[in-house]
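Trainee: I should like to understand how the terms used for a structure follow from its values. May I put some questions to you while we look at one?

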Amino acid sequence: MLKKILNLKHAQHISKSEQKTIKGGIPECWVYAIEAGCVLIPSGGTCPINMEAGICDTNRLCC
């Protein structure tokens, strides 16, 4: 699943420590959201203009 995210155009960054804390690996929902145009932001970051956080039970994805 991680390879799917990192192989996408405009690859997003997920730190090694964060990869370890995500139980069961990268959620499939994240992959679908990023493929649909959502953006993965740094933990504690803010969404770009005209985007909102909260999809896939995380504040890291902005759509």
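Mentor: Please do; let us begin with a cysteine. C29 has a relative accessible area of 36%, and because this value lies between the limits of 20% and 50%, C29 is called partly exposed. Please keep in mind that this is a predicted model.

Trainee: How confident is the prediction, on average, for the protein?

Mentor: The mean pLDDT of the protein is 77, and 73% of the residues score at least 70. Among the elements, helix α1 (residues 2-6) has the lowest mean, 55, whereas strand β2 (residues 61-62) has the highest, 90. Where pLDDT is low, the predicted coordinates should not be read in detail.

Trainee: What makes C29 and C56 a disulfide?

Mentor: Their sulfur atoms are 1.8 Å apart, and the cut-off for a disulfide is 2.5 Å; the pair therefore qualifies.

Trainee: Why is the disulfide of C29 and C56 called left-handed?

Mentor: The torsion about its S-S bond is about -75°, so the disulfide is left-handed.

Trainee: Is C56 buried or exposed, and why?

Mentor: C56 has a relative accessible area of 19%. Buried means under 20%, so C56 counts as buried.

Trainee: What is the value of phi at C56?

Mentor: Phi of C56 is near 60°, which is positive in a residue other than glycine. Most residues other than glycine have a negative phi. N50 is also described in this way, with a positive phi near 70° in a residue other than glycine. N50 lies in the loop between β1 and β2, and at 78% relative accessibility it counts as exposed because the value is over 50%.

Trainee: How many disulfides does a search of the whole structure find?

Mentor: The search finds 3. One of them joins C38 and C63, whose sulfur atoms are 1.7 Å apart. With 110° about the S-S bond, this link is right-handed. C38 lies in the loop between α3 and β1 and C63 in the segment after β2, so the pair ties together parts that are 25 residues apart in sequence.

Trainee: How do you know whether C38 and C63 are buried or partly exposed?

Mentor: C38 has 9% relative accessibility and therefore counts as buried, being under 20%. C63, with a relative accessible area of 33%, is partly exposed.

Trainee: What makes C47 and C62 a disulfide, and which hand does it have?

Mentor: Their sulfur atoms are 1.9 Å apart, which is within 2.5 Å. The torsion is about -75°, so this disulfide is left-handed. C47 lies in the loop between β1 and β2 and C62 in strand β2, so the pair ties together parts that are 15 residues apart in sequence. C47 counts as partly exposed at 24% relative accessibility, whereas C62 is buried, with a relative accessible area of 0%.

Trainee: What is the pairing when the bonded cysteines are numbered in sequence order?

Mentor: The pairing is 1-4, 2-6, 3-5.

Trainee: Why are the buried residues of α3 said to line one face of the helix?

Mentor: The buried residues of α3 are W30, V31, A33 and I34. Seen down the axis of α3, they fall within an arc of 165°, so they line one face of the helix. After α3 comes G37, whose phi is positive, near 110°.

Notes:
Residues are numbered from 1 along each chain as its sequence is written. This is a predicted model: local features need pLDDT of at least 70, side-chain atom pairs count only at pLDDT 80 or more; totals for chains, interfaces and linings use all residues. Side-chain values use heavy atoms; hydrogens and water are left out. pLDDT is the predictor's confidence in each residue, from 0 to 100. Helices (H or I, at least four residues) and strands (E, at least two) are DSSP runs, numbered from the N terminus. Buried means under 20% relative accessible area, exposed over 50%, partly exposed in between (1.4 Å probe, protein chains only). The arc is that of the directions from the helix axis to the C-beta atoms.
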